[in-house]
2 protein chains.
Amino acid sequence: MDIKQTYSISELAKEFDVTTRSIRFYEDQELLRPTRRGQTRIFSSKDRVRLKLILRGKRMGFSLAETKELFDLWDETLSGNEKQLLKMLTILENKRAQLEQQKNDIAQAEMEMDTAEARCREALAELQKKKKQQAPANEEARQTAEN
Amino acid sequence: MDIKQTYSISELAKEFDVTTRSIRFYEDQELLRPTRRGQTRIFSSKDRVRLKLILRGKRMGFSLAETKELFDLWDETLSGNEKQLLKMLTILENKRAQLEQQKNDIAQAEMEMDTAEARCREALAELQKKKKQQAPANEEARQTAEN
DNA sequence: AAACTACTTTACGTTTACGTAAACTTTATC
DNA sequence: GATAAAGTTTACGTAAACGTAAAGTAGTTT
C-alpha cells in the first residue's frame, strides 16, 4: 500500500512548491492526466511521480517537450513491440551521454568555484593585512570580533 | 602565451556551434564585450572563456540573466572591498548547494535509467521467447540475423 | 442563507532566447 | 573593379512556460 492514492491540485502544489497554474499547464500539455470528480481534478500517485520527474527534468535543463517525449516513449515501450524496445534502448544511451556531459560540466564548475573561492580568501587576507598595518592598536578588539 | 589573442564572430560560432545571431544577442545582453575594428567585432580570449561559461551554464539550466549576474558579481569582486568578497563567498556556497542538488538529480536519473533499461531487456527477452515458440523452424536464420 | 474557500475555465499578457528577413558595408579574391 | 563572402544594424516574429485577471461553480462552515 502506498502512502496515499489520490491528491488534490493544491496538495501537489504545496508538496512540490509549484503553483496550481503550473500544474494545470502541465496537464494542458499532456504531461499529467488527472481524472475528474465533477470538475475538480484528482491526481493519482502516478501523476505525482510524473510531476516529480517533470521538476527534476527542469532542474536538469530539460524542456517540458523533452520530458513529455520521454513519458510518451516509455508508455509506448510498455506495450511495446521489438522496434519500440530497441528504440528506447538507444534513447537511453543518448540520455546517458547527456548525463555524462552534465557531470563533466558540474565537475568543471566545481573546480572553478574552488579557485574562485581561493582567490576570494586571498584577497580577504590581503585586506586584513592592510587593516592591521593601518590600525594596529585595534588588534585585540578585532580578534575577538572575528569569532 | 595563449593559443590566440583575438577571434572573429564566425570563428567562435564555429568552435562552439552557436549561431552568430546568438553571439550578438549575448553581446546585446552584456554578457560579452567585444571591441571593434571599424564595425566588425573582435573578441578577446576572455570573451571566449565567457562564451564557454555561458554555454555550460545553459546546459546546467541557468538563464542568461543568472549567468550575467555571476559575471558582474565576479567583476565587482575583483576590485573588491570586504563586503563584496564576503558576499561572493556566500554566493559560492549557494551555488555549491545547487550543484549538489544537480548531482543528486543525475544520480537518481541514472538509477531510473538502469531499471528502465533492465525492463526493456526483459521485455525483449520475452518477445524472443514467444517468437521461438511460434516459429521454431526459423531459429537458425534468425540467429545469424541477430548479429 | 450568506460568506468563505477551493477549484474551475477562458483568455490575454509577459519574459527569454533566439530565428529570420531586409538592406547595407567591409574585406578578401579573382 | 567586379563580385562574392563575411559582417553589420534594424526590426519584426516566435515558441516555451508560465503569470494574471475575470468570472463562474461546488462544497462547507457559521
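## Strand pairing, chain contact and DNA surfaces

R36(A) has R41(A), in β3(A), as its bridge partner. The model is predicted: local features need pLDDT of at least 70, side-chain atom pairs count only at pLDDT 80 or more, and totals for chains, interfaces and linings use all residues. Residues are numbered from 1 along each chain as its sequence is written, while chains are lettered from A and ligands numbered from 1 in the order in which they are written.

Strand β2 (residues 35–37) of chain A pairs with β3(A) in the antiparallel sense over three bridges. Here two strands pair if DSSP finds at least two bridges between them. Helices (H or I, at least four residues) and strands (E, at least two) are DSSP runs, numbered from the N terminus. β2(A) and β3(A) form a hairpin with two residues between them. G38(A), in the turn, has a positive phi of about 65°. Strand β1 (residues 6–7) of chain A is joined to β3(A) by two bridges, and the two run antiparallel. T6(A) stands opposite S44(A) in β3(A). Side chains alternate along β3(A). R41(A) and F43(A) point to one face and are buried. A residue is buried if 20 or more other C-beta atoms lie within 10 Å of its own, exposed if 12 or fewer, and partly exposed in between, with C-beta atoms placed from the backbone.

In chain B, three strands form an open sheet in the order β1-β3-β2, with antiparallel pairing. β1 (6–7) and β2 (35–37) of chain B stand at the edges, each with a single partner strand, so one side of each is left without a neighbour in the sheet. Helix α3 (residues 45–59) of chain B packs on the sheet and touches β1 and β3 of chain B. The direction of α3 makes about 80° with that of β3(B). For such angles, axes are lines fitted to C-alpha atoms, for helices over the stretch in contact, and values run from 0 to 180 degrees between N-to-C directions. β2(B) is joined to β3 (residues 40–44) of chain B by three bridges. The bridge partner of T35(B) in β3(B) is I42(B), and that of R36(B) is R41(B). β1(B) pairs with β3(B) over two bridges. T6(B) has S44(B) as its partner. G38(B) lies in the turn of the β2(B)–β3(B) hairpin, with a positive phi of about 65°. R41(B) and F43(B) make up the covered face of β3(B). T40(B), I42(B) and S44(B) make up the uncovered one.

The contact between the chains takes 29 residues from chain A and 29 residues from chain B. Two residues are in contact if their C-beta atoms, placed from the backbone, lie within 7 Å. On the side of chain A, α3 (45–59) and α5 (82–134) each give two or more residues. α5(A) gives the most, with 23 residues. By class, this side has 14 nonpolar, six polar and nine charged residues. Ala, Val, Leu, Ile, Met, Phe, Trp, Tyr, Cys and Pro count as nonpolar, Asp, Glu, Lys and Arg as charged, and the others, Gly among them, as polar. 100% of the interface residues of chain A are also interface residues in chain B, so the copies meet through the same surface.

Chain A can be laid on chain B with an RMSD of 0.1 Å by a turn of 180° and a shift of 0.0 Å along the axis. That is the relation of a two-fold axis. In chain A, the C-alpha of G61(A) is nearest the axis, 2.1 Å from it. Copies are superposed by least squares on the C-alpha atoms of residues with pLDDT of at least 70 in both.

M88(B) lies in helix α5 (residues 82–134) of chain B. M88(B) is buried, with 23 other C-beta atoms within 10 Å. Leaving aside neighbours within four places in sequence, M88(B) is in contact with C120(A), L73(B) and T77(B). M88(B) and L73(B) are 15 residues apart in sequence and 7.3 Å apart in space, C-alpha to C-alpha.

DNA strand C has 18 residues around it, of which S10(A), R41(A), S22(B), S63(B) and L64(B) come nearest. A residue is near a molecule or strand if its C-beta atom, placed from the backbone, lies within 6 Å of it. α2(B) gives the most to this surface, with three residues. The residues divide into four nonpolar, 10 polar and four charged. DNA strand D is surrounded by 17 residues, the closest being S22(A), S63(A), L64(A), S10(B) and R41(B). α2(A) gives the most to the surface near DNA strand D, with three residues. By class, that surface has four nonpolar, 10 polar and three charged residues.
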